[in-house]
Amino acid sequence: MARIFAYIVHKSGVPDDTAAELPVAARKIDPTQPCTAIVTGWGADLDRVCESLRGSYSEIWKIAKEPLAYPNAALVRKALLSVVPAGSIVLVPHAHFGVDLSPGLSIRMDAAYLPDVVDIEGVEADWLKAVRQEFGGQVSAHMRCNLSTGAVLNIRPGAFRPSEGPAAAGQIVDKTADVGALTARRRYLETAAAEMGDVDIAKEPVLISIGRGIGEQENIAIAEDLAEAMGAAVSCSRPVVDAKWMDKSRQVGSSGQTVRPKVYLACGISGSFQHLAGIKGNPFIVAINKNPKAPIFRVAEVGIVDDLLEFLPALAARVREESCVPGKERQRS
Amino acid sequence: MEILVCIKRVPDTSENEIQIEGAGTDIARDDLVYSVNEPDNYAVEEALQIVGRTGGSVTVVTVGGEEDEEVLRREMAMGATRGVLISDDSFQGSDGRGIAAILKAFVQRGHYDLILTGVQADGGCAQVGGMLAALLDYPFASLVTSIEVLEGRKLKIGREIEGGGKEINAIDLPCVLSIQTGINEPRYVGMRGIRQIASVPIPTLGAAELGVETELVGAIAAKVKRTGYFVPAAGKGAEMLAGSREEVVEKLMDLLKAKGGLN
């Protein structure tokens, strides 16, 4: 079996949660060998990341180069190609960085590429048996991926639950000398911070979150009315921001805000993994969707198959009845 | 600027419940509503806006069969200068690398400054753009949410990162970019526009005409294969509230009270 590497995503000297998940995926590919961490970066942050991995990896390959201080995928790809032996299996988290890095890496390695892996079922001859999801998570697919010339496997964050691996007394191996000058035709300039909005949804205990199912911009008033009745705030999923109906600061998900509410009403939200990645703290999730197959019903505590535009006003009316707060005057147009 | 946009016709998942056919070899496709992959539509709009500022033309291309012509026509009705269908029986069963190899052969027949794809399609792979760039030895960036044309054959691009921020890069032309939804507001295409383009011939090119590297395409060459579909395990699954709307509202009220949802 080929050697298995785990690419460590890190920020401000701290490894990403996926650093503890990739070894679990690696053990499902080959339980007999420990996988090797590869960490690229620069300075004290890089050293802190390497140190913190010593408990979970037996070997940590460090590549310290000033141009890698920011993880520009074009440069990281070059660095990996200098150190990873032909035929290896490279595990990368399937998120913003992995989507940038891995397709090109697989071509340069002349290796197979399997993106967004959610489960691994073993190896048969040269073929890895794995599971992916398609059509927005509505169906799953059994996949075969040929390992004979190596593979890049992008692993979905959160899909492999960290467990106690074999105790590791990680050895840090400096591979910097194997990497030549790093230049690319894509140059990192700066990072623009997220825009702040009028409401910080990350701090709200109750969220009425709306998705594509809200249908039209004017229907958002229905969610706002329910939020007012419940003393909640309105958040949303990506399609609502794409349509410019709500500000980016209201978006829940890996590309938006991470929220930790007590109660989360997912209204007309299908439940893509990118959206779910933004919901932390194990809230009570109620899903309301007219499609009974929507993936959100797999993660919600409670599901309701109904038309939002009728259900939400009915709920708002009942909440007001309960709390004896008079409804706001409906504006007539 | 000469821009190529690679597009795909996909089942519209916001309109369809995806069901699996009896044996699990495919999804049930008969009753599906198909449309252009949503991120591709943003890519075409972005190309049209760039060409509107700098001049040039927009070509849309897809790899598929006759039925895929309709998405080329739709994007031509938006304003794309020309559409090209790439089709060959030998392409059946190609994996992402195979599709990228087919597109590479097409790109090398023309002179494109910029190649755009949607960030991902129905399979959720987000792979063809990055693979195409590597095969062409062009620079690549994914999840692009802004493009500014600079002097000296360069672009300034923003790409989406975790937490709602944006990573700003300079990238040399020619390059490949995968476009994220929300980068612009794709223009509306009316029935009149579609009708006007209905009789424009769409050239179809095959493997021989393109000089595709056959060792990379088709089911035999594929390093990645799908062997079947299944319905994901429900996990613990949601408790579905049943009954009349009034009854469901009552049940939900009790749950919300218990869980601190009513302030």
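Two exercises follow, each with a worked solution.

This is a predicted model, where local features need pLDDT of at least 70, side-chain atom pairs count only at pLDDT 80 or more, and totals for chains, interfaces and linings use all residues. Residues are numbered from 1 along each chain as its sequence is written, chains are lettered from A and ligands numbered from 1 in the order written, and side-chain values use heavy atoms, leaving out hydrogens and water.

**Exercise 1.** Work out what chain A and chain B bury between them.

Step 1: Start with contacts (heavy atoms within 4.5 Å). Chain A brings 85 residues and chain B brings 84 residues.

Step 2: Get the buried area, meaning the accessible area (1.4 Å probe) that two parts lose on being put together, summed over both. On chain A's side, A:F135, A:R185 and A:R186 supply 11% of the area buried against chain B, more than any other three residues.

Step 3: Look for salt bridges (a side-chain nitrogen of Lys or Arg within 4 Å of a carboxyl oxygen of Asp or Glu). The rule gives 15 across this interface. Among them is B:E17 with A:K293, whose closest N and O atoms are 3.9 Å apart.
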